[in-house]
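User: I've got a model loaded up and would like to talk through its contacts and layout. Can we start with the charged pairs and work outward?

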Amino acid sequence: FCNKMQIPFEVYAFTSSYSRNDGDKPQYVKSEDDSVLTPHNFHLLNFLSSRMNKREYKQAVRNLWLLGASNSYQSEYRYVRTPSQFTTGCTPLNEAVVAGLEIIPAFQRQNGVQIVNTVVLSDGDGHSMGAYNYYDGDNTFIVEPNSRRNHKVNSDSQSETATYLQILKNQTGCNIIGIKLFGRPRIDGMRYRYFMTDGVVDEKG
């Protein structure tokens, strides 16, 4: 749709399995301080972009479709070997959301837009970056950049992800749409609490 209507867009995939041998180095420094978040090693792969010309876009869409088909047991392309860089690993959903704090403002500047719709699609909950501990059950707080607002994180993964999404919305002003892939025929009891979790944002939120 965006491509047809000439609306600027970028499509990224997050992964913890992609690796390169060209001196690729992490863009953050690990800290021994337990008050600092510790993201997993991950990459964002820019599969599609409105910056591509017609030929590049057509080939990129085909590559992305073949990559998905090669990972489906029901596809005729299931015997196509998936490159090792695209195998599954952990789910760096939280890391990708935090990376949006830099990606979205850059996208706004490059394209001269103010309103940005951010669609996040995942097949599972994100792995913790250290903001909660299931076994301790203690509450922790994440300090939002710039505003220094405190966000309470309860002892569950949904609360941690909800906090990062709220910070992303606060800092960039983007609209956020979350989509979770669910492989079962029934979704009874499945709820999303993003932006609705009690206590995620303090009284200043």
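User: Which residue does Arg51 meet in a salt bridge?

Analyst: Keep in mind that this is a predicted model. The N to O distance for the Arg51 pair is 3.0 Å, and a salt bridge needs 4 Å or less. The pair ties distant parts of the chain together, with Arg51 in the loop between strand 2 and helix 2 and its partner in strand 1, 41 residues apart. That partner is Glu10.

User: Is Arg51 buried or exposed?

Analyst: The cut-off for exposed is over 50% relative accessible area. Arg51 comes in at 56%, so it counts as exposed.

User: How many salt bridges does the structure hold?

Analyst: Arg51 with Glu10 is one of them, and Arg149 with Glu144 is another. Asp125 with Lys180 also makes the list. The count for the structure is three.

User: Let's zoom out. In what order do the helices and strands run?

Analyst: The protein has four helices and six strands. Reading from the N terminus on, the order is α-β-β-α-α-β-β-β-α-β.

User: What share of the contacts with a separation of 6 or more comes from residues 24 or more positions apart?

Analyst: The chain has 205 residues, 27% of them buried. Among the contacts in question, residues 24 or more positions apart account for 67%.

User: Where does helix 3 bend?

Analyst: Helix 3 covers residues 93-111 and reaches 25 Å from its first C-alpha to its last, close to the 27 Å expected. The bend is about 40°. Its buried residues include Leu93, Val97, Ile104 and Phe107, and the buried set packs against strand 1, strand 2, strand 3 and helix 4. The bend is at Gly100.

User: Which residue takes a positive phi just after helix 3?

Analyst: The phi in question is about 65°. The residue is Gly112.

User: How many residues of helix 4 are buried?

Analyst: Helix 4 has 16 residues and reaches 23 Å, close to the 22 Å expected. Among the buried ones are Tyr164, Leu165, Ile167 and Leu168. The buried residues pack against helix 3, strand 4, strand 5 and strand 6. Helix 4 is mostly covered, and the number buried is 12 of its 16.

User: What follows helix 4, with a positive phi near 75°?

Analyst: Look at the residue that comes after the helix, where phi is positive. That's Gly173.

User: Staying with strand 6, how far is the C-alpha of Gly178 from that of Val120?

Analyst: Gly178 is placed in strand 6, and with 57% relative accessibility it counts as exposed. Gly178 and Val120 are 58 residues apart along the chain, yet their C-alpha atoms are separated by 4.9 Å.

User: Last one: is Thr91 buried or exposed?

Analyst: Thr91 lies in the loop between helix 2 and helix 3. Beyond its neighbours within four places in sequence, its contacts include Phe14, Ser122 and Asp125. The relative accessible area of Thr91 is 14%, so Thr91 is buried.

Note on methods:
Residues are numbered from 1 along each chain as its sequence is written. This is a predicted model: local features need pLDDT of at least 70, side-chain atom pairs count only at pLDDT 80 or more; totals for chains, interfaces and linings use all residues. Side-chain values use heavy atoms; hydrogens and water are left out. Helices (H or I, at least four residues) and strands (E, at least two) are DSSP runs, numbered from the N terminus. Buried means under 20% relative accessible area, exposed over 50%, partly exposed in between (1.4 Å probe, protein chains only). The expected span of a helix is 1.5 Å times one less than its number of residues. The bend at a residue is the angle between axes fitted to the seven residues ending there and the seven starting there. Contact means heavy atoms within 4.5 Å. A salt bridge is a side-chain nitrogen of Lys or Arg within 4 Å of a carboxyl oxygen of Asp or Glu.
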